[in-house]
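Work through the exercises below with the model open. Try each task before reading its solution.

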Amino acid sequence: MTFNLLHSDTRPKARAGLLKTDHGLIETPIFMPVGTVGSVKAVHQHELEGDIGAQIILGNTYHLYLRPGLEVLEKAGGLHRFIGWNRPMLTDSGGYQVYS
């Protein structure tokens with residue numbers, strides 16, 4: 001994974017960049033739809049890719065662990081294959097849910 005800074009402005013300390021991952025490029029800053037258990041609710045995959053132009057989606061590790069579970073995800077060949085998403089994905093630690 002690499003990050004290239006494309007533009008910065010010192011006054012508001014804003015910056016824009018390009019994050020390169022094994023699953024594709026992500027232009028930053030970015031809006032990241034949340035797909036807690038691997039699915040962004042009320043939005044079809046073709047809408048995420050075409051209409052919304054989502055470059056990345058967020059999943060929650062703890063919720064994925066609970067449902068559908070590790071065995072299901074492993075049999076599917078991983079989360080990307082399980083949900084049919086070929087673009088980048090970010091999963092968080094799920095620590096907040098574990099301790100709350």
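**Exercise 1. A strand pair**

Which residue in strand 3 stands opposite Thr-21? Then place the pair in its hairpin and its sheet.

Solution. 
Step 1. This is a predicted model. Go to Thr-21: Gly-24 in strand 3 stands opposite.
Step 2. Look at the turn. Two residues lie between strand 2 and strand 3, and the two strands form a hairpin.
Step 3. Strand 2 covers residues 14-21, and five bridges join it to strand 3. The two strands run antiparallel.
Step 4. Find another pair. Leu-18 has Glu-27 of strand 3 opposite.
Step 5. Backbone hydrogen bonds pair the strands of a sheet, in parallel or antiparallel fashion.
Step 6. Widen the view. The sheet is open, has three strands in the order 1-2-3, and is paired antiparallel. Strand 1 (2-9) and strand 3 (24-28) are its edges. Each has a single partner strand, so one side of each lacks a neighbour in the sheet.
Step 7. On average, neighbouring strands here are turned by 10° against each other, direction ignored.

**Exercise 2. The whole chain**

How many helices and strands does the protein have, and in what order do they run?

Solution. 
Step 1. Count the elements: five helices and five strands.
Step 2. Read from the N terminus: β-β-β-α-β-α-α-α-β-α.
Step 3. Take the extent. The C-alpha trace spans about 45 × 35 × 25 Å along its principal axes.
Step 4. Take the burial. Of the 100 residues, 24% are buried.
Step 5. Take the contact range. Consider contacts between residues at least 6 apart in sequence: 52% of them join residues at least 24 apart.

**Exercise 3. The largest pocket**

Which residues lie nearest the centre of the largest pocket? Give its volume and the make-up of its lining too.

Solution. 
Step 1. Start with the volume: about 170 Å³.
Step 2. List the central residues. Leu-19, Thr-21, Ile-26, Ile-56 and Met-89 lie nearest the centre, in a lining of 14 residues.
Step 3. Sort the lining by type. Nine residues are nonpolar, four are polar and one is charged.
Step 4. Trace the lining back to elements. Strand 2, strand 3 and strand 5 (89-92) supply at least two residues each.

**Exercise 4. Backbone exceptions**

Where are the cis peptide bonds from Thr-28 to Pro-29 and between Arg-67 and Pro-68? Which phi values do Lys-13 and Ala-42 have?

Solution. 
Step 1. Most peptide bonds are trans, and most residues other than glycine have a negative phi.
Step 2. Take Thr-28 to Pro-29. Omega is near 0°, and the bond is cis. Pro-29 sits in the loop between strand 3 and helix 1 (45-52).
Step 3. Take Arg-67 and Pro-68. Their bond is cis, with omega about 20°. Pro-68 belongs to the loop between helix 2 (61-66) and helix 3 (70-76).
Step 4. Turn to phi. Lys-13 has a positive value, near 60°. Its loop links strand 1 and strand 2.
Step 5. Ala-42 is positive as well, with phi near 65°. Ala-42 lies in the loop between strand 3 and helix 1.
Step 6. Check exposure, for which the cut-off is over 50%. Lys-13 has 72% relative accessibility, so it is exposed. Ala-42 has 84%, so it is exposed too.

Note on methods. Residues numbered from 1 in each chain as written. Predicted model: local features only at pLDDT ≥ 70, side-chain atom pairs only at ≥ 80, totals over all residues. Heavy atoms only, no water. Pairing = 2+ DSSP bridges. Helix = DSSP H or I, 4+ residues; strand = E, 2+ residues; numbered from the N terminus. Axes fitted to C-alpha atoms, helices over the stretch in contact; angles between N-to-C directions. 1 Å grid on protein atoms, 1.4 Å probe; cavity = no way out; pocket = protein on both sides within 12 Å on 5 of 7 lines; lining within 4 Å. Points joined across faces, edges and corners; volume = space filled by probe spheres on them. Nonpolar A, V, L, I, M, F, W, Y, C, P; charged D, E, K, R; others polar. Buried < 20%, exposed > 50% of the residue type's maximum accessible area, 1.4 Å probe, protein only. Contact = heavy atoms within 4.5 Å.
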